[in-house]
Amino acid sequence: MKASEADILIVPGYTNSGPEHWQSRWQEKLSTARRVEQAEWSKPVKDDWVAKLVEEVNACTRPVVLVAHSLGVPTVIHALPQIKNKIAGAMLVSPPDVANPAIKPKHLMTFGPYPRDPLPFPTITIASQNDPFGTYEHAGDIANAWGSTLIDAGMSGHINKESGHGPWPEGTMVFAQFLSKLKRPEGFPD
């Protein structure tokens, strides 16, 4: 699949992705990409975030590819039961351990725990060995449950601007390769 054949939905996490974040840069460069805008970025409410994502996906007219970071990952996973069969694939980056009572701020725990059902479309989960919001072991465990391909990002922190991943060229290459292998979901003409 080519980027021009899909609606690429950027699903940021807690406090949104600023202008130097790789998600914002990708949104600017990919003509079919748009951000799922949340009403409240700094005090996220799971049901509101999920409902907004469901609305955005269901409004799409082309196959959807999700690009989620941080709290965007559990938003995607919790939204799946309500989303029509339009998703071609998802790239899930830096999934936080939202069931960990040590997570800050505490209200992020309302997004946990993750459902562990296998995902009905191809996914890749990219996780760091030293992410302050979730261990690599946790990411591996949930990726395994979902049937997602786990990619080790090494010592990359939270894979955001603060950890030196503004442009993130390695992520761009992984996304391009992933996108090229995706097939159109049933119900979409070739």
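Because the model is predicted, local features need pLDDT of at least 70 and side-chain atom pairs count only at pLDDT 80 or more, while totals for chains, interfaces and linings use all residues. Residues are numbered from 1 along each chain as its sequence is written, and side-chain values use heavy atoms, with hydrogens and water left out.

Begin by selecting residues 22-29, which form helix H1; helices (H or I, at least four residues) and strands (E, at least two) are DSSP runs, numbered from the N terminus. Within this helix, colour Trp22, Gln23, Ser24 and Trp26, which are its buried residues, where buried means under 20% relative accessible area, exposed means over 50%, and partly exposed lies in between (1.4 Å probe, protein chains only).

Next, select residues 72-79, helix H3, and ask how many of its residues are buried. The count is 8 of its 8 residues, so this helix is mostly covered. Its buried residues, among them Val73, Ile77 and His78, pack against S1, H2, S3, S4 and helix H4 (136-146).

**Ring pairs**

Show the aromatic side chains: the rings of Phe, Tyr and Trp (its six-membered ring) pair if their centres lie within 6.5 Å, and planes under 30 degrees apart count as stacked, over 60 as edge-to-face and the rest as tilted. The whole structure holds 7 aromatic pairs. In one of them, Trp41 and Trp49 have ring centres 5.4 Å apart and planes at 75 degrees, so this pair is edge-to-face. Both partners are buried, Trp41 at 14% relative accessibility and Trp49 with a relative accessible area of 1%.

**Val45**

Select Val45, which sits in the loop between S2 and helix H2 (46-59) and counts as partly exposed because its relative accessibility is 42%. Draw a line from the C-alpha of Val45 to that of His107, and you will span 8.4 Å in space between residues that are 62 apart in sequence.

**Salt bridges**

Side chains of opposite charge can pair when their charged atoms come close. Here a salt bridge is a side-chain nitrogen of Lys or Arg within 4 Å of a carboxyl oxygen of Asp or Glu, and by this rule there are 7. Start with Arg25 and Glu20, whose side chains meet at 2.5 Å, N to O; Arg25 is partly exposed at 26%, and Glu20 is partly exposed at 38%.

Move on to Glu56 and Arg34, which form a salt bridge with their closest N and O atoms 3.3 Å apart. This pair links distant parts of the chain, with Glu56 in helix H2 and Arg34 in strand S2, 22 residues apart. Glu56 is buried at 14%, whereas Arg34 is partly exposed at 28%. Also in helix H2, Lys52 and Glu55 are 3 residues apart, which means about one helical turn separates them, and the closest N and O atoms of their salt bridge are 3.6 Å apart. Lys52 is partly exposed at 23%, as Glu55 is at 47%. Salt bridges that share partners join Arg34, Lys52, Glu55 and Glu56 into one network.

**A pocket between helices**

Finish with Arg25, Trp26, Lys29, Leu30, Pro167, Thr172, Phe175, Ala176 and Leu179, which line the second largest pocket. On a 1 Å grid over the protein atoms alone, a pocket is an open set of points with protein on both sides within 12 Å along at least five of seven lines, and lining residues have an atom within 4 Å of a point. Which helix gives the most to this lining? H5 does, with 4 residues, while H1 and H5 each supply at least two.

Notes. Contact = heavy atoms within 4.5 Å. 1 Å grid on protein atoms, 1.4 Å probe; cavity = no way out; pocket = protein on both sides within 12 Å on 5 of 7 lines; lining within 4 Å.
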